[in-house]
Amino acid sequence: NAFRHHGCREDHLAKIKSPNTYTALATEPYAHHYVLQLLEFAANVGGYGEVISLGDGSNAQNTLAMVPHDLIVDRVYVHGDASGQKRGIGLNSAATTIRDSYVSNIWYVGQDSQAIAGWNGPGPFTITNNYLEAASENFLLGGADPAIVDLIPSDIVFTRNYVTKPLAWRSRSDINVKNLFELKNGQRVTIDGNIFENNWLAAQAGYSIVFTGRSQDGLAPWSVVKDLTFTNNIVRHVASGINILGHDYRFPSGTSTHFVFRNNLFYDMSGATYGGDGRFMLINGGVDVTVDHNTIIQDGNSVLYADTNAVQQFVMTNNIARDNLYGIMGGGTSPGNGTIAAFFPNSTFLRGVWASAPYYYPTGNFYPANLSDVGFVDLAGGNYRLAPSSIYRNAALDGTDVGANIDVILAATAGVQ
């Protein structure tokens, strides 16, 4: 990787800076086949707006033919200054790749801020091997209704990115800290081999990975999040993990469907340290959600919490988690089987290791007395592989170890940080 935060040499880059509050570089309608390479972009005056605008997020871009396409951002350094910067890169284009780049110090007093955000571009988008640092949403699709009718950002590949917030921002009550990755409108999404870290209770409840399909202002009822895989990622040092909303409760929208969360490591997920629920997943409705072969180390009262709407076709298999007080819980119901009956009809819960869980859980799972009895190589030292002596080796439905394959995750994220 020629341009990562460990070896960044901004003194070797050509520099572009807006002389005013407007974007430093913007595409014209119909523009295509451009490469931005080996450039530094400083903040706009006062940190206003976005530094790079790929496509147009306004109502002026209202047909697919107008959308700029075949754009590459390669080894580019975008950053805020002492006044912050509202947005690094606006992603409202088509056929766009952002790779090997560094977007940092993105924050703005009193407003949301994003390293990369878009809502009016169809994709496909490839976001790979970047450092992304922002206060509100490090990466966001949606948040405003597209001006192009029926537009859903599609074919999104988000791989090998280091997505983080400086812990020093915890003392900043004047900036809106929300999450690390959010989709409000998107389909056919692959999120693989990333490190997501540092998110806490602030302007939102502390959930780090947010999939909530929304017609933001009621003008895009086709908005939806669907057909998504989340694999081989590390999520750490956060208040809570994943938040899923089946459909927008304010305006008509599509229904979230076909999510797969497989072979991920979630650790230091702590309400005690970072505020909030300390929970792995909050889910409200949706169809066809699979949670398989994940290792989850959290301190909240529940691992999985369901609220308001039942989830159809929910599968939770081969995971390791600490039950704590309730484990599987839902609004207005009892823990374990009571919640499953109310919120997860016709679901599958099998071969999970639920440390310290009580008797009112499904059969076909494992219930060690505590997390230490799972048999990790070094629980206190953060080695979450199963030791050869663990009884959960080769105990998964597919004959492999229960929990995440840590070696595969470390290979997928090698060199990311």
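**Talking through the structure**

Reply: Happy to! Let's start at R172: with a relative accessibility of 25%, this residue counts as partly exposed. Keep in mind that this is a predicted model.

Me: Which side chain does R172 meet in a salt bridge?

Reply: That would be D174, with 2.8 Å from N to O. D174 has a relative accessible area of 32%, so it is partly exposed.

Me: And what about R214 and D248, how far is N from O there?

Reply: The side chains of R214 and D248 form a salt bridge at 3.7 Å, N to O. R214 sits in the loop between β18 (207-212) and β19 (225-231), while D248 sits in the loop between β21 (240-245) and β22 (257-262), so the pair ties together parts that are 34 residues apart in sequence.

Me: Are R214 and D248 buried or exposed?

Reply: Both R214 and D248 are buried.

Me: Okay, next pair. What can you tell me about D292 and R262?

Reply: Their side chains meet in a salt bridge too, at 2.9 Å from N to O. D292 belongs to strand β25 (residues 287-292) and R262 to strand β22, so this pair ties together parts that are 30 residues apart in sequence.

Me: Why is D292 called buried?

Reply: Because its relative accessible area is 8%, and buried means under 20%. R262 has 35%, so R262 counts as partly exposed.

Me: How far apart are the mean positions of the positive and negative charges?

Reply: They are 2 Å apart, for 25 positive and 35 negative charges in the chain.

Me: Changing topic: how many helices and strands are there?

Reply: The chain has three helices and 34 strands.

Me: And what is the overall size?

Reply: Along the principal axes, the C-alpha atoms fill a box of roughly 65 × 45 × 40 Å. The radius of gyration is 21 Å, which agrees with the value near 22 Å that a compact globule of 417 residues would have.

Me: What share of the residues is buried?

Reply: Buried residues make up 58% of the 417. As for the accessible surface, the chain has about 15200 Å², and 52% of that belongs to carbon and sulfur atoms.

Notes
Residues numbered from 1 in each chain as written. Predicted model: local features only at pLDDT ≥ 70, side-chain atom pairs only at ≥ 80, totals over all residues. Heavy atoms only, no water. Helix = DSSP H or I, 4+ residues; strand = E, 2+ residues; numbered from the N terminus. Rg over C-alpha atoms; globule rule 2.2 N^0.38 Å. Buried < 20%, exposed > 50% of the residue type's maximum accessible area, 1.4 Å probe, protein only. Areas by Shrake-Rupley, 256 points an atom, 1.4 Å probe, with all protein chains shown as cover. Lys, Arg positive; Asp, Glu negative; His and termini not counted. Charge placed at Lys NZ, Arg CZ, Asp CG, Glu CD. Salt bridge = Lys/Arg side-chain N within 4 Å of Asp/Glu carboxyl O.
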